[in-house]
Amino acid sequence: MSRVGKAPISLPANVQINVSKGNLVTVKGPKGELHQQVDNDISIEIEDGVLHVKRPTDQKRHRSLHGLYRALINNMVQGVSEGYVKQLELVGVGYRATSSGQLLELTLGFSHPIFFYLPQEVKVAASQEKGKNPIIRLESSDKQLLGQVAAKIRAMRKPEPYKGKGVKYTDEILRRKAGKSAAKK
């Protein structure tokens with residue numbers, strides 16, 4: 001058995017889950033509603049507030065799908081009940097971020113500001129405290145979409161290895177290089 005796939009998913013009281021024909025899983029909760037199409041070979045059983053993902057055989061394909069769909073459904077349950085948060089930090093002189101609605105305006109050392117429109121499912125907040133780097137806070141119930149949006153923002157100015165300037169995740173640890181002056185010694 002797959003270690004990930006055989007783990008049961010406990011459903012919180014405020015989350016409803018529905019499996020329709022064609023194995024379309026719909027999860028509703030206080031933070032929103034998410035859908036996931038599940039392979040027809042994988043079966044989903046709900047008993048007493050606990051969800052189990054089952055596979056028909058021990059084929060390699062079934063084993064891999066078993067763990068995959070269990071993880072995706074678990075992320076959906078956690079997303080609609082608690083939600084996900086990613087924070088990005090802008091490191092660099094003059095780097096700024098402002099948000100208004102779904103529009104994020106970034107000043108990242110280029111000759112022009114960058115305007116980034118976010119999907120409706122993602123909430124954004126930009127904050128700047130005096131003496132600290134600007135922080136962009138992204139919230140969503142969809143883990144995959146949140147990660148994709150955060151990666152696109154980070155890709156606009158990746159952190160460089162010498163001074164660490166750029167857009168980085170707040171929990172990211174950068175590998176720093178010494179530079180030319182270290183080679184002369």
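The second largest pocket of this predicted model is lined by Leu34, His35, Gln36, Leu72, Asn75, Met76, Ser141, Asp142, Lys143 and Gln144, a pocket being an open set of points on a 1 Å grid over the protein atoms alone where a 1.4 Å probe fits, with protein on both sides within 12 Å along at least five of seven lines, and lining residues having an atom within 4 Å of a point. About 180 Å³ of space lies in this pocket, the volume being that filled by probe spheres set on the points. Two or more lining residues come from each of β4, α1 (60-81) and α2 (143-155), elements being DSSP runs (helices H or I, at least four residues; strands E, at least two) numbered from the N terminus.

The largest pocket holds about 220 Å³ of space, and of its 15 lining residues Lys31, Glu121, Lys123, Ser140 and Ser141 are the closest to its centre. The most lining residues, three, are given by β4.

Residues are numbered from 1 along each chain as its sequence is written. Local features need pLDDT of at least 70 and side-chain atom pairs count only at pLDDT 80 or more, whereas totals for chains, interfaces and linings use all residues, and side-chain values use heavy atoms, with hydrogens and water left out.
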